Amino acid sequence: MEDALEQQSQSLGKDDENEIVAENAAFVHGEPPQEATGPPKVDSEVEILQEKVTKQVMKEGHGQKPSKYSTCFLHYRAWTESTQHKFEDTWQEQRPVEMILGKEKKEMTGLAIGVSSMKSGERALLHVGWELGYGKEGSFSFPNVPPMADILYEAELIGFDETKEGKARGDMTVEERIGVADRRKMDGNALFMEEKLEEAMQQYEMAIAYMGDDFMFQLFGKYRDMALAVKNPCHLNMAACLIKLKRYEEAIGQCTIVLTEDENNAKALFRRGKARAELGQTDAAREDFLKARKYAPEDKAIAKELRSLAEHDKAIYQKQKEIYKGIFGPRPEPKPKQANWLTVFWQWLLSLFYRLFRRQRQKSD
(Lines give C-alpha, C1' and ligand atoms only; values in the text may rest on other atoms or scores of the structure.)
Protein backbone atom coordinates (compact mmCIF):
# COMPACT_ATOMS: atom_id res chain seq x y z
CA MET A 1 0.00 0.00 0.00
CA GLU A 2 2.25 2.75 -1.17
CA ASP A 3 1.33 6.28 -0.38
CA ALA A 4 -0.10 7.87 -3.51
CA LEU A 5 1.27 11.25 -2.65
CA GLU A 6 4.77 9.90 -2.09
CA GLN A 7 4.85 8.65 -5.66
CA GLN A 8 4.36 12.22 -6.92
CA SER A 9 7.48 13.51 -5.17
CA GLN A 10 11.00 12.74 -6.29
CA SER A 11 12.64 14.23 -3.20
CA LEU A 12 11.90 14.98 0.42
CA GLY A 13 11.52 18.65 -0.33
CA LYS A 14 9.62 18.73 -3.60
CA ASP A 15 6.03 19.56 -2.66
CA ASP A 16 7.09 18.34 0.74
CA GLU A 17 3.80 19.14 2.37
CA ASN A 18 2.00 17.03 -0.24
CA GLU A 19 3.57 13.84 1.04
CA ILE A 20 1.42 11.91 3.29
CA VAL A 21 3.06 8.91 5.20
CA ALA A 22 0.71 6.51 11.05
CA GLU A 23 0.37 5.76 15.29
CA ASN A 24 -1.51 7.08 18.38
CA ALA A 25 -3.79 9.83 17.23
CA ALA A 26 -3.73 12.33 20.04
CA PHE A 27 -1.45 14.94 18.50
CA VAL A 28 -3.51 15.83 15.47
CA HIS A 29 -5.80 18.58 16.60
CA GLY A 30 -3.76 19.46 19.63
CA GLU A 31 -5.23 19.42 23.09
CA PRO A 32 -7.89 22.15 23.34
CA PRO A 33 -7.35 24.77 26.02
CA GLN A 34 -8.64 23.72 29.40
CA GLU A 35 -9.98 26.00 32.10
CA ALA A 36 -7.97 25.56 35.27
CA THR A 37 -11.15 25.75 37.37
CA GLY A 38 -13.22 23.28 35.39
CA PRO A 39 -15.27 23.14 32.16
CA PRO A 40 -14.75 25.80 29.49
CA LYS A 41 -16.93 28.91 29.44
CA VAL A 42 -19.02 29.03 26.27
CA ASP A 43 -21.16 31.96 25.13
CA SER A 44 -22.82 30.41 22.08
CA GLU A 45 -26.53 29.72 21.84
CA VAL A 46 -27.90 26.76 23.82
CA GLU A 47 -29.47 24.12 21.57
CA ILE A 48 -31.91 21.69 23.17
CA LEU A 49 -31.32 18.24 21.69
CA GLN A 50 -33.52 16.32 24.08
CA GLU A 51 -35.22 17.02 27.37
CA LYS A 52 -32.05 16.11 29.29
CA VAL A 53 -29.39 17.04 26.72
CA THR A 54 -28.30 20.51 25.54
CA LYS A 55 -25.44 21.62 23.31
CA GLN A 56 -23.34 24.76 22.82
CA VAL A 57 -21.07 24.81 19.78
CA MET A 58 -17.43 25.76 20.47
CA LYS A 59 -16.08 25.11 16.94
CA GLU A 60 -18.06 24.52 13.77
CA GLY A 61 -17.67 21.24 11.90
CA HIS A 62 -18.21 20.31 8.27
CA GLY A 63 -20.04 17.77 6.14
CA GLN A 64 -22.85 15.47 7.20
CA LYS A 65 -23.94 14.25 10.63
CA PRO A 66 -23.55 10.57 11.57
CA SER A 67 -26.56 8.29 11.32
CA LYS A 68 -27.58 5.37 13.50
CA TYR A 69 -24.97 2.61 13.66
CA SER A 70 -22.23 4.92 12.39
CA THR A 71 -18.85 4.20 13.96
CA CYS A 72 -17.81 7.54 15.48
CA PHE A 73 -14.38 8.56 16.73
CA LEU A 74 -14.24 11.30 19.31
CA HIS A 75 -12.31 12.94 22.11
CA TYR A 76 -13.97 14.27 25.24
CA ARG A 77 -13.49 15.58 28.76
CA ALA A 78 -16.15 15.00 31.39
CA TRP A 79 -16.98 16.85 34.62
CA THR A 80 -19.71 16.44 37.21
CA GLU A 81 -21.70 19.68 37.09
CA SER A 82 -22.22 20.07 40.84
CA THR A 83 -18.60 19.60 41.98
CA GLN A 84 -16.77 20.57 38.74
CA HIS A 85 -14.72 17.39 39.24
CA LYS A 86 -13.13 16.11 36.02
CA PHE A 87 -13.41 12.33 35.96
CA GLU A 88 -12.36 11.47 32.40
CA ASP A 89 -10.13 12.95 29.69
CA THR A 90 -9.40 11.05 26.47
CA TRP A 91 -7.09 13.83 25.19
CA GLN A 92 -4.87 13.18 28.19
CA GLU A 93 -4.98 9.45 27.52
CA GLN A 94 -3.99 10.17 23.90
CA ARG A 95 -6.52 7.76 22.49
CA PRO A 96 -9.80 8.65 20.73
CA VAL A 97 -12.94 6.83 21.78
CA GLU A 98 -14.87 4.62 19.37
CA MET A 99 -18.64 4.79 19.70
CA ILE A 100 -21.26 3.02 17.56
CA LEU A 101 -24.40 5.12 17.68
CA GLY A 102 -27.33 3.03 18.85
CA LYS A 103 -25.00 0.48 20.49
CA GLU A 104 -23.35 2.72 23.05
CA LYS A 105 -23.13 1.86 26.76
CA LYS A 106 -26.09 2.92 28.87
CA GLU A 107 -24.12 5.60 30.72
CA MET A 108 -23.06 7.09 27.35
CA THR A 109 -26.63 7.60 26.09
CA GLY A 110 -26.60 11.36 26.63
CA LEU A 111 -23.16 11.74 25.07
CA ALA A 112 -24.30 9.69 22.05
CA ILE A 113 -27.29 12.01 21.56
CA GLY A 114 -24.91 14.94 21.51
CA VAL A 115 -22.48 13.25 19.13
CA SER A 116 -25.28 12.33 16.71
CA SER A 117 -26.01 16.08 16.33
CA MET A 118 -22.42 16.99 15.49
CA LYS A 119 -20.48 17.22 12.24
CA SER A 120 -16.92 16.04 11.70
CA GLY A 121 -14.47 18.43 13.33
CA GLU A 122 -17.13 20.04 15.51
CA ARG A 123 -16.38 20.70 19.16
CA ALA A 124 -19.18 21.37 21.63
CA LEU A 125 -20.06 21.63 25.30
CA LEU A 126 -22.79 19.12 26.18
CA HIS A 127 -24.96 19.18 29.30
CA VAL A 128 -26.36 15.73 30.11
CA GLY A 129 -28.87 15.04 32.86
CA TRP A 130 -28.13 12.23 35.29
CA GLU A 131 -30.97 10.13 33.85
CA LEU A 132 -28.99 9.75 30.59
CA GLY A 133 -25.62 9.49 32.32
CA TYR A 134 -24.54 7.38 35.25
CA GLY A 135 -28.03 7.28 36.72
CA LYS A 136 -29.42 7.35 40.22
CA GLU A 137 -26.63 5.22 41.70
CA GLY A 138 -23.66 6.77 39.92
CA SER A 139 -20.39 4.87 39.57
CA PHE A 140 -17.97 4.04 42.38
CA SER A 141 -15.38 2.30 40.21
CA PHE A 142 -13.80 3.98 37.20
CA PRO A 143 -14.82 6.57 36.38
CA ASN A 144 -15.88 7.77 39.83
CA VAL A 145 -19.20 9.60 39.45
CA PRO A 146 -21.49 10.39 42.41
CA PRO A 147 -25.21 9.43 42.39
CA MET A 148 -27.64 11.56 40.38
CA ALA A 149 -24.83 13.68 38.90
CA ASP A 150 -25.50 15.84 35.85
CA ILE A 151 -22.51 15.76 33.52
CA LEU A 152 -20.74 18.32 31.34
CA TYR A 153 -18.85 17.03 28.29
CA GLU A 154 -16.39 18.96 26.15
CA ALA A 155 -16.53 16.72 23.07
CA GLU A 156 -15.00 16.79 19.61
CA LEU A 157 -16.16 14.51 16.82
CA ILE A 158 -13.05 13.57 14.85
CA GLY A 159 -15.08 11.76 12.20
CA PHE A 160 -17.29 8.76 11.57
CA ASP A 161 -17.44 5.74 9.32
CA GLU A 162 -20.69 4.34 7.98
CA THR A 163 -19.03 1.40 6.21
CA LYS A 164 -19.35 -2.03 7.84
CA GLU A 165 -22.61 -0.87 9.46
CA GLY A 166 -22.43 -1.22 13.20
CA LYS A 167 -19.22 -3.21 13.14
CA ALA A 168 -16.67 -2.23 15.80
CA ARG A 169 -12.93 -2.30 15.20
CA GLY A 170 -12.55 -5.23 17.56
CA ASP A 171 -14.90 -7.33 15.40
CA MET A 172 -12.97 -6.70 12.18
CA THR A 173 -10.29 -8.94 10.74
CA VAL A 174 -6.73 -7.61 10.39
CA GLU A 175 -7.22 -7.15 6.64
CA GLU A 176 -10.49 -5.25 7.17
CA ARG A 177 -8.94 -2.85 9.67
CA ILE A 178 -5.93 -2.14 7.49
CA GLY A 179 -8.20 -1.71 4.47
CA VAL A 180 -10.46 0.79 6.24
CA ALA A 181 -7.41 2.70 7.49
CA ASP A 182 -5.94 2.80 3.99
CA ARG A 183 -9.18 4.21 2.56
CA ARG A 184 -9.15 6.92 5.22
CA LYS A 185 -5.57 7.73 4.35
CA MET A 186 -6.42 8.10 0.66
CA ASP A 187 -9.38 10.33 1.54
CA GLY A 188 -7.01 12.45 3.61
CA ASN A 189 -4.58 12.70 0.70
CA ALA A 190 -7.34 14.00 -1.58
CA LEU A 191 -8.36 16.62 1.00
CA PHE A 192 -4.74 17.65 1.46
CA MET A 193 -4.37 18.28 -2.26
CA GLU A 194 -7.39 20.60 -1.98
CA GLU A 195 -5.65 22.48 0.89
CA LYS A 196 -8.33 21.30 3.35
CA LEU A 197 -5.75 20.59 6.02
CA GLU A 198 -7.97 20.24 9.09
CA GLU A 199 -10.28 17.85 7.28
CA ALA A 200 -7.33 15.89 5.94
CA MET A 201 -5.91 15.49 9.45
CA GLN A 202 -9.24 14.15 10.68
CA GLN A 203 -9.05 11.40 8.06
CA TYR A 204 -5.49 10.54 9.06
CA GLU A 205 -6.41 10.45 12.71
CA MET A 206 -9.30 8.09 12.00
CA ALA A 207 -6.98 5.87 9.96
CA ILE A 208 -4.56 5.75 12.88
CA ALA A 209 -7.41 5.00 15.29
CA TYR A 210 -7.95 1.71 13.46
CA MET A 211 -4.36 0.75 14.25
CA GLY A 212 -3.84 1.67 17.87
CA ASP A 213 -1.14 0.29 20.13
CA ASP A 214 -3.26 -2.65 21.29
CA PHE A 215 -3.79 -3.71 17.67
CA MET A 216 -0.18 -3.18 16.55
CA PHE A 217 1.11 -5.14 19.55
CA GLN A 218 -0.62 -8.26 18.23
CA LEU A 219 0.83 -8.04 14.71
CA PHE A 220 3.95 -9.78 13.43
CA GLY A 221 5.64 -10.37 10.11
CA LYS A 222 3.83 -9.33 6.94
CA TYR A 223 0.73 -8.08 8.79
CA ARG A 224 2.77 -5.67 10.86
CA ASP A 225 4.56 -4.49 7.72
CA MET A 226 1.20 -3.97 6.00
CA ALA A 227 -0.11 -1.95 8.93
CA LEU A 228 3.02 0.22 9.19
CA ALA A 229 2.87 0.91 5.45
CA VAL A 230 -0.42 2.74 6.14
CA LYS A 231 0.20 3.99 9.66
CA ASN A 232 3.59 5.69 9.26
CA PRO A 233 2.60 7.65 6.13
CA CYS A 234 -0.41 9.02 8.02
CA HIS A 235 1.82 10.38 10.77
CA LEU A 236 4.19 11.97 8.26
CA ASN A 237 1.32 13.48 6.31
CA MET A 238 -0.10 14.94 9.49
CA ALA A 239 3.32 16.40 10.22
CA ALA A 240 3.25 18.05 6.78
CA CYS A 241 -0.19 19.53 7.53
CA LEU A 242 0.92 20.76 10.94
CA ILE A 243 4.02 22.44 9.51
CA LYS A 244 1.79 24.28 7.05
CA LEU A 245 -0.43 25.35 9.94
CA LYS A 246 2.67 26.48 11.90
CA ARG A 247 1.95 23.97 14.69
CA TYR A 248 5.55 22.89 14.92
CA GLU A 249 5.56 21.17 18.31
CA GLU A 250 2.77 18.84 17.20
CA ALA A 251 4.60 18.14 13.92
CA ILE A 252 7.68 17.14 15.91
CA GLY A 253 5.52 14.74 17.93
CA GLN A 254 4.16 13.05 14.81
CA CYS A 255 7.64 12.58 13.31
CA THR A 256 8.99 11.23 16.59
CA ILE A 257 6.27 8.56 16.61
CA VAL A 258 7.49 7.33 13.23
CA LEU A 259 11.12 7.41 14.35
CA THR A 260 10.33 5.14 17.31
CA GLU A 261 9.34 2.50 14.73
CA ASP A 262 11.96 3.39 12.12
CA GLU A 263 14.84 5.48 13.46
CA ASN A 264 16.35 5.82 9.98
CA ASN A 265 13.25 7.19 8.27
CA ALA A 266 14.62 10.08 6.18
CA LYS A 267 11.23 11.76 5.69
CA ALA A 268 10.55 11.80 9.43
CA LEU A 269 14.02 13.19 10.15
CA PHE A 270 13.65 15.83 7.43
CA ARG A 271 10.23 17.06 8.60
CA ARG A 272 11.21 17.05 12.24
CA GLY A 273 14.29 19.07 11.27
CA LYS A 274 12.11 21.62 9.46
CA ALA A 275 9.81 22.00 12.46
CA ARG A 276 12.76 22.35 14.84
CA ALA A 277 14.38 24.95 12.58
CA GLU A 278 11.16 26.99 12.62
CA LEU A 279 11.22 26.91 16.43
CA GLY A 280 14.82 28.17 16.45
CA GLN A 281 16.22 24.82 17.61
CA THR A 282 19.03 25.04 15.07
CA ASP A 283 21.41 22.52 16.63
CA ALA A 284 18.70 19.83 16.88
CA ALA A 285 17.49 20.66 13.36
CA ARG A 286 21.01 20.33 11.94
CA GLU A 287 21.40 16.97 13.65
CA ASP A 288 18.17 15.73 12.01
CA PHE A 289 19.15 17.05 8.58
CA LEU A 290 22.62 15.50 8.75
CA LYS A 291 21.16 12.14 9.71
CA ALA A 292 18.55 12.41 6.95
CA ARG A 293 21.32 13.18 4.43
CA LYS A 294 23.07 10.00 5.50
CA TYR A 295 20.09 7.98 4.24
CA ALA A 296 19.23 10.26 1.30
CA PRO A 297 22.60 11.71 0.20
CA GLU A 298 21.39 12.98 -3.19
CA ASP A 299 18.34 14.82 -1.89
CA LYS A 300 18.49 18.50 -2.82
CA ALA A 301 15.95 19.59 -0.21
CA ILE A 302 18.16 18.40 2.63
CA ALA A 303 21.16 20.21 1.16
CA LYS A 304 19.07 23.36 0.82
CA GLU A 305 17.99 23.25 4.47
CA LEU A 306 21.58 22.70 5.62
CA ARG A 307 22.73 25.70 3.55
CA SER A 308 19.95 27.77 5.05
CA LEU A 309 21.10 26.85 8.55
CA ALA A 310 24.71 27.69 7.66
CA GLU A 311 23.66 31.12 6.34
CA HIS A 312 21.60 31.69 9.46
CA ASP A 313 24.59 30.84 11.67
CA LYS A 314 26.82 33.15 9.62
CA ALA A 315 24.36 36.04 9.99
CA ILE A 316 24.16 35.49 13.75
CA TYR A 317 27.99 35.43 13.96
CA GLN A 318 28.33 38.71 12.05
CA LYS A 319 25.72 40.34 14.23
CA GLN A 320 27.45 39.20 17.40
CA LYS A 321 30.79 40.32 16.01
CA GLU A 322 29.43 43.85 15.50
CA ILE A 323 28.01 43.90 19.01
CA TYR A 324 31.25 42.72 20.63
CA LYS A 325 33.31 45.07 18.47
CA GLY A 326 31.53 47.99 20.08
CA ILE A 327 32.08 46.57 23.55
CA PHE A 328 35.68 45.35 23.25
CA GLY A 329 37.01 47.71 20.52
CA PRO A 330 40.48 49.43 20.67
CA ARG A 331 41.02 51.93 23.46
CA PRO A 332 40.71 55.51 22.16
CA GLU A 333 43.91 57.67 22.13
CA PRO A 334 43.98 60.18 25.01
CA LYS A 335 43.62 63.78 23.90
CA PRO A 336 46.63 66.07 24.77
CA LYS A 337 45.87 68.36 27.62
CA GLN A 338 45.98 72.07 26.89
CA ALA A 339 48.67 73.93 28.94
CA ASN A 340 47.49 76.45 31.52
CA TRP A 341 48.77 79.92 30.42
CA LEU A 342 49.12 81.15 34.00
CA THR A 343 51.42 78.26 34.90
CA VAL A 344 53.54 78.91 31.82
CA PHE A 345 53.85 82.61 32.70
CA TRP A 346 55.05 81.91 36.23
CA GLN A 347 57.56 79.37 34.95
CA TRP A 348 58.92 81.94 32.48
CA LEU A 349 59.12 84.64 35.18
CA LEU A 350 60.99 82.35 37.59
CA SER A 351 63.39 81.39 34.84
CA LEU A 352 64.06 85.07 34.12
CA PHE A 353 64.78 85.90 37.76
CA TYR A 354 67.06 82.89 38.01
CA ARG A 355 69.14 84.01 34.99
CA LEU A 356 69.38 87.57 36.34
CA PHE A 357 70.47 86.25 39.75
CA ARG A 358 73.21 84.08 38.21
CA ARG A 359 74.52 86.97 36.08
CA GLN A 360 74.67 89.29 39.10
CA ARG A 361 76.52 86.67 41.12
CA GLN A 362 79.06 86.14 38.39
CA LYS A 363 79.80 89.89 38.33
CA SER A 364 80.32 89.92 42.07
CA ASP A 365 82.80 87.06 41.86
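This is a predicted model: local features need pLDDT of at least 70, side-chain atom pairs count only at pLDDT 80 or more; totals for chains, interfaces and linings use all residues.
Visitor: Which residues are linked in a network of salt bridges?
Guide: Residues are numbered from 1 along each chain as its sequence is written, and side-chain values use heavy atoms, with hydrogens and water left out. A salt bridge is a side-chain nitrogen of Lys or Arg within 4 Å of a carboxyl oxygen of Asp or Glu. By that rule, the residues linked in a network of salt bridges are Arg77, Lys86, Asp89 and Glu154.

Visitor: How many salt bridges does the count come to by this rule?
Guide: Side chains of opposite charge can pair when their charged atoms come close. Counted by the rule just given, the salt bridges come to 19.

Visitor: How many helices and strands are there in the protein chain?
Guide: Helices (H or I, at least four residues) and strands (E, at least two) are DSSP runs, numbered from the N terminus. On that basis, the elements of the protein chain are 12 helices and seven strands.

Visitor: How many residues apart are Glu131 and Lys52?
Guide: Their side chains meet in a salt bridge, with N to O at 3.3 Å. The pair links distant parts of the chain, since Glu131 is in the loop between strand E6 (123-128) and strand E7 (151-161), while Lys52 is in the loop between strand E1 (47-50) and strand E2 (53-59), and the separation is 79 residues.

Visitor: Is Glu156, which meets Lys59 in a salt bridge, buried or exposed?
Guide: The side chains of Glu156 and Lys59 meet at 3.5 Å, N to O, and the pair joins distant parts of the chain, with Glu156 in strand E7 and Lys59 in strand E2, 97 residues apart. Buried means under 20% relative accessible area, exposed over 50%, and partly exposed in between (1.4 Å probe, protein chains only). Lys59, at 29%, is therefore partly exposed. Glu156 has a relative accessibility of 1% and therefore counts as buried.

Visitor: What separates Asp182 and Lys185 along helix H4?
Guide: Asp182 forms a salt bridge with Lys185, the closest N and O atoms being 3.4 Å apart, and both residues are buried. Because they are three residues apart in helix H4, the separation is about one helical turn.

Visitor: Which residues is Arg177 in contact with, leaving aside its neighbours within four places in sequence?
Guide: Arg177 also belongs to helix H4 (residues 174-193), and it counts as buried because its relative accessibility is 10%. Contact means heavy atoms within 4.5 Å. With the neighbours within four places left out, the contacts of Arg177 are Arg169, Gly170, Met172, Ala209, Tyr210, Met211 and Phe215.

Visitor: How many disulfides does the structure hold?
Guide: A disulfide is a covalent bond between the sulfur atoms of two cysteines, and here it is taken as a pair of cysteine sulfur atoms within 2.5 Å. Cys72 is buried at a relative accessible area of 0%, and Cys255 is likewise buried at 0%. The number of disulfides in the structure is zero.

Visitor: What accessible area do Trp341, Leu342, Phe345, Trp346 and Trp348 have together?
Guide: Patches are made of residues with over 30% relative accessible area and no salt bridge, like charges being joined within 9 Å and nonpolar side chains (Val, Leu, Ile, Met, Phe, Trp, Tyr) within 5 Å; accessible areas come from the Shrake-Rupley method with a 1.4 Å probe, and for residues only the protein chains shown count as cover. One member, Trp348, lies in helix H12 (residues 341-364) and is partly exposed at 47% relative accessibility. The five residues form a nonpolar patch on the surface, and their accessible area together is about 640 Å².

Visitor: Where is Lys246 found?
Guide: Lys246 has a phi near 65°, a positive value in a residue other than glycine. Its relative accessibility is 61%, so Lys246 counts as exposed. Lys246 is found in the loop between helix H7 (221-244) and helix H8 (248-261).

Visitor: What share of the residues of the protein chain reach a pLDDT of 70 or more?
Guide: The mean pLDDT of the protein chain is 83. Over residues 1-10 the pLDDT is below 50, and this stretch has 29 contacts in the model beyond near neighbours in sequence. Over residues 13-30 the pLDDT is again below 50, with 95 such contacts. The share of residues at 70 or more is 83%.

Definitions and conventions. pLDDT is the predictor's confidence in each residue, from 0 to 100.
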